[in-house]
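The following exercises concern the reading of a protein model.

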Amino acid sequence: MNGKVVVLGGGLAGLAASLRLADAGWSVIVLESRRRLGGRASSFEDVSTGRTLDNCQHVLMGCCTNLLDFYARLGVEDSIEWYSQTHWLRPDGGRDVMRASRLPAPFHMAGSLRRMRLLDRSMKRQVRRAMWRMLRMGVSGRLTLRNQNFSNLLDQWGQDTQVRKLFWEPIILSACNLSLERVAAVHAVQVFQDGFLAGAWHSTMGVPAIPLADLYAPAADIICQAGGEVRFGCTATSIGIEHRRVIGVQTKDEFVRADVVLSALPWERLDAILTDADRDTDARLGDLSALGHSAILGVHIVFDRVVMDEPHLVLPGRGVHWIFRKGIDADGSQHLHAVISAADEWMGRSPDDIRDAVLSDIHAAYPSSRQASVLLCRPVKERRATFAATMEAESSRPSASPSPVGPQGGDIEGLYLAGDWCRSGWPATMEGAVRSGYLAAAAISGVGELVPDAPAGGLVRFLAKTR
Ligand SMILES: Cc1cc2nc3c(=O)[nH]c(=O)nc-3n(C[C@H](O)[C@H](O)[C@H](O)COP(=O)(O)OP(=O)(O)OC[C@H]3O[C@@H](n4cnc5c(N)ncnc54)[C@H](O)[C@@H]3O)c2cc1C
């Protein structure tokens, strides 16, 4: 055994780190305040119906290599359904389909873009021009964009209001959970470079086919079989520190001693258990609130009949951004899930108001739904869904490891950090959370590293300056 590590939080970051640490021979104790694993990517029981509902639809892409590695470790990779095409609603009620052709990347989406009736010729020209610039700048060019937001970049690239609304916004809102005006350009460009331009597999969309809670539940057994422990309903209330070094974690019931503590809590939950002395001692913890939040609204709707035939639908320029088909019950009723990203303005709206707004968009997309009865409408408001991936936040995202203690100070020894808000190179996503967990595990154990990115196509590497 290498030592005892207490991991705070059984979300994706904490679980990913725990599996890697258990592999490396560490004795792992996970403290999780809830009764289930998965954190923000989890499910709950709707008391009025007894249904298990996901807090929100969670989507991944082929480029999420670390998340896929984590799923393979959990043995749940077959529970992801893959979609090689996305369906887009046009204002005339028709559909456009985005899918990769046989052309090599980065031209695999060119045919779809050409056929999209949602965009006129001028808009398509603008998209092509911007995509070309993103391709050519490569990773090094992207990293020079740290000090601007995506909207500024689109200004410089001559992208008009309509093409922003119909093309850039639907993709960026759902991928980064922030508006074009707020999101850091570096993250938005990454979405297109790594997700769309790099290759057909990279942009393939994965959707869990089982409840989120079931996807992450196997982690508990794996940790226990390796000699570790998962304590449910166990809330950390402070971190024990002596002479600048962690000695364990105080919970509501006991003090749990440890050689190393890994916080995989959301930033605001970590901030809530820190003392001023902790913040003064460790530069990583000084100003966590600079990270801010961005909300997501998910709405579960059950109709008494089947109204949606596609697996999902993107709704450009509408209040609802995506609709997902969740399933059909034995009695023929159909469960849909509507998602609104960057939903801060929706948080104060009443359930009736939300229901009217969401139904109006569903009716526009599926006119037959006007005749159907709504059996359930359950909004799930996540005010603190993700940290706000603004350019200001980028510099506040801490790394996993403490800087060493020396004459100039240093951070709290033995305290490591993970979570989607930590420095992972990714915006707030499941992939970002898993990466942060793997990075923290590697920093603690000295073994393991990130799973490499899925390689971009040869032509992409040739055309991009730095790939
Ligand atoms: C509505 C919604 C939709 C999303 N959609 C997507 C999507 O489609 N694709 C995507 O990639 N990402 C999506 N995300 C983001 C994704 O869910 C998160 O980035 C990721 O799950 C964060 O994982 P984490 O481990 O960093 O944090 P968390 O999941 O927040 O895990 C932290 C854990 O710590 C526990 N905890 C908190 N305080 C304490 C304490 N004091 N003691 C002990 N335990 C504590 C919590 O209960 C939680 O289980 C979405 C998020 C939300 C909210």
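**Exercise 1. Into which domains is the protein chain divided, and which elements of domain 2 touch domain 3?**

Step 1. The chain comprises domain 1 (4–44 + 211–289 + 391–445), domain 2 (85–203) and domain 3 (294–386); these bounds come from an automatic or database domain assignment. Residues are numbered from 1 along each chain as its sequence is written. The model is predicted: local features need pLDDT of at least 70 and side-chain atom pairs count only at pLDDT 80 or more, whereas totals for chains, interfaces and linings use all residues.

Step 2. The centres of domain 2 and domain 3, taken over C-alpha atoms, are separated by 25 Å.

Step 3. Helices (H or I, at least four residues) and strands (E, at least two) are DSSP runs, numbered from the N terminus.

**Exercise 2. Is helix α7 enclosed or open, and against which elements do its buried residues pack?**

Step 1. A residue is buried if 20 or more other C-beta atoms lie within 10 Å of its own, exposed if 12 or fewer, and partly exposed in between; C-beta atoms are placed from the backbone.

Step 2. Twelve of the 13 residues of α7 (residues 185–197) are buried, so the helix is largely enclosed by the rest of the structure. Among them are H187, Q190, F192 and D194.

Step 3. The buried residues of α7 pack against α4 (121–143), α5 (150–156), α6, α13 (391–394) and α15 (458–463).

**Exercise 3. With which strands does β18 pair, and in which sense?**

Step 1. Two strands pair if DSSP finds at least two bridges between them. Seven bridges link β15 and β18 in the antiparallel sense; V299 has A338 in β18 as its bridge partner.

Step 2. Strand β17 (residues 322–328) also pairs with β18 in the antiparallel sense, over six bridges. In this pairing, R325 is partnered by L336 of β18.

Step 3. β17 and β18 form a hairpin with five residues between them, and G332 in the turn has a positive phi of about 90 degrees.

Step 4. Six of the seven residues of β18 (residues 334–340) are buried, so this strand is largely enclosed by the rest of the structure.

**Exercise 4. Are N177 and H243 buried or exposed?**

Step 1. N177 lies in the loop between α6 and α7, and its phi is near 55 degrees, a positive value in a residue other than glycine.

Step 2. N177 counts as buried because it has 25 C-beta neighbours inside 10 Å.

Step 3. H243 is found in the loop between β11 (236–242) and β12 (245–251); its phi, near 50 degrees, is likewise positive in a residue other than glycine.

Step 4. H243 counts as exposed because it has 7 C-beta neighbours inside 10 Å.

**Exercise 5. How many residues separate N66 and R435 in sequence, and how far apart are they in space?**

Step 1. N66 is located in helix α2 (residues 65–74).

Step 2. In sequence, N66 and R435 are 369 residues apart; in space, they are 6.2 Å apart, C-alpha to C-alpha.

Step 3. Neighbours within four places in sequence being left aside, N66 is in contact with E431, V434, R435, Y438, L450 and V451.

Methods. Contact = placed C-beta atoms within 7 Å.
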